[in-house]
Amino acid sequence: AEKTGHVEVVGGKVMIQDTYTVSTDVGSATGNTTFDGNVAIRGSVLAGFTVNATGNVHVHGAREAADTVSGGNVTIGEGMNGGSIIAEGDLKSKYLQNCRVEVGGNVYSDSVISCDLRCGESLIVAGGRGTLMGGSCSATHSIECANIGSRNTHVPTRIEVGLDPKVQGRLQEAPHEYEQAANFIASLDNVIGMLSQLEAAK
């Protein structure tokens, strides 16, 4: 095929659309959704189900404890509680709570609560009370919000600005990779020592 997409019959003609539309919730009736292009979900994404798209993902409802991977932008109309989002572009969500987020662009939300969040551009918590509380949030450029943390709940809130999340991830992996390399070199030294002993015994 010359073009990838979703095949539909419109007005008696076969059309290839670059957006796949789910008219209901993504759940047991639909199964997981994977599409080479954009995905539009008119309902919600129920707990335990995944949405994978090479393009943008637009969820008109909410995202429960589900996972989403997008090669573009992700928009969630009613917010997200649980699960994870990995996206190359921006994320817009009414609220983010108890979830893991890693995006290459900006994150826009009214509140971010108890999340593990990393964004390649800026985190902007605006609208409502603009609360960022609990969890760990990092952004390469800036973090903007009205309220950080909580005096009443004593929930620790960690924020970091100025370090690219991808670089940060590599730095966190470096000690483990160093240990693996050191163990491999040690095993090679043992093999070389055994071979040298065998050669000397001839």
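Visitor: Why is C119 called buried?

Guide: The relative accessible area of C119 is 0%. Buried means under 20%, exposed over 50%, and partly exposed in between, with a 1.4 Å probe and protein chains only. A value of 0% is under 20%, so C119 counts as buried.

Visitor: What kind of model is this, and how are its residues numbered?

Guide: This is a predicted model, in which local features need pLDDT of at least 70 and side-chain atom pairs count only at pLDDT 80 or more, while totals for chains, interfaces and linings use all residues. Residues are numbered from 1 along each chain as its sequence is written, and side-chain values use heavy atoms, with hydrogens and water left out.

Visitor: How many disulfides does a search of the whole structure find?

Guide: The search finds 0 disulfides. For C119, the nearest cysteine sulfur belongs to C137 and lies 8.1 Å away, and C119 is in no disulfide either. C99 has 5% relative accessibility and is therefore buried.

Visitor: What makes the K94 and D110 contact a salt bridge?

Guide: The side chains of K94 and D110 meet at 2.9 Å, N to O. The rule asks for a side-chain nitrogen of Lys or Arg within 4 Å of a carboxyl oxygen of Asp or Glu, so this pair meets it. The two residues are 16 residues apart and link distant parts of the chain: K94 is in the loop between β12 (91–93) and β13 (96–97), D110 in the loop between β15 (107–109) and β16 (111–119). Strands here are DSSP runs of E, at least two residues, and helices are runs of H or I, at least four, numbered from the N terminus.

Visitor: Why are K94 and D110 both called partly exposed?

Guide: K94 has a relative accessible area of 47%, and D110 has 23%. Both values fall in between the two cut-offs, so both residues are partly exposed.

Visitor: How many salt bridges are there by this rule?

Guide: The count comes to 2. E160 and R158 also form a salt bridge, at 2.5 Å, N to O. E160 has 22% relative accessibility and therefore counts as partly exposed.

Visitor: Which residues does I143 touch beyond four places in sequence?

Guide: I143 touches L123, L132, C137, I159, E160 and V161, where contact means heavy atoms within 4.5 Å. I143 is in strand β19 (residues 142–145). Its relative accessible area is 18%, so it is buried.

Visitor: Why does T131 count as buried?

Guide: T131 has 17% relative accessibility, and therefore counts as buried. T131 is in strand β18 (residues 131–139). Leaving out residues up to four places away, T131 touches D110, S111, V112, V125 and N147.

Visitor: What makes a set of residues a nonpolar core?

Guide: Its members are buried Ala, Val, Leu, Ile, Met, Phe, Trp, Tyr and Cys residues joined through side-chain atoms within 4.5 Å. The largest such core has 32 residues, and I41, L91, L96, V107, V112, L117 and L123 are those with the most contacts inside it. β16 gives the largest share, 4 residues. Beyond four places in sequence, L91 touches residues including V74, I76, I85, L96 and V107.

Visitor: What makes F184, I185, L188 and I192 a nonpolar surface patch?

Guide: Patches are made of residues with over 30% relative accessible area and no salt bridge; like charges are joined within 9 Å, and nonpolar side chains (Val, Leu, Ile, Met, Phe, Trp, Tyr) within 5 Å. F184 has a relative accessible area of 52%, so it is exposed. F184 is in helix α1 (residues 165–201). The patch covers about 390 Å², with areas from the Shrake-Rupley method, a 1.4 Å probe, and for residues only the protein chains shown as cover.

Technical notes: A disulfide is a pair of cysteine sulfur atoms within 2.5 Å.
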